[in-house]
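This report covers one chain. The sequence and model follow.

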Amino acid sequence: MRNLRRTSLSPTGLGEPRRPAAAPTRRWLLLALLAVIALLALAWFDGGEEPLHPIAQDVALPEVQP
């Protein structure tokens, strides 16, 4: 029976089996996890509460005529 599995050529020209597709997926998951960790660290560092400042402004009211 013939082997139907595709092979890719290496730099030496010898046929070698193709790598499994899990390696790129694992890399993207690792990059996504690192991005989430970086965002959480930034939010923790920069997300502190600031004190409230009162807002005081003069408001011009129309005069009431009796």
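## Leu31 and its helix

Leu31 lies in helix α1, which spans residues 22–46. Helices here are DSSP runs of H or I with at least four residues, strands are runs of E with at least two, and both are numbered from the N terminus. Leu31 is partly exposed because its relative accessibility is 44%; buried means under 20%, exposed over 50%, and partly exposed in between (1.4 Å probe, protein chains only).

## Basis of the model

The model is predicted: local features need pLDDT of at least 70, side-chain atom pairs count only at pLDDT 80 or more, and totals for chains, interfaces and linings use all residues. Residues are numbered from 1 along each chain as its sequence is written, and side-chain values use heavy atoms, with hydrogens and water left out.

## Fold and confidence

The chain has one helix and two strands, in the order β-β-α from the N terminus. Mean pLDDT (the predictor's confidence in each residue, from 0 to 100) is 79 for the chain, and 70% of the residues score at least 70. Confidence is highest in α1, at a mean of 89, and lowest in strand β2 (residues 15–17), at 58.

## Surface

Of the 66 residues, 2% count as buried. The accessible surface of the chain is about 7600 Å², with 63% belonging to carbon and sulfur atoms; areas come from the Shrake-Rupley method with a 1.4 Å probe, and for residues only the protein chains shown count as cover.
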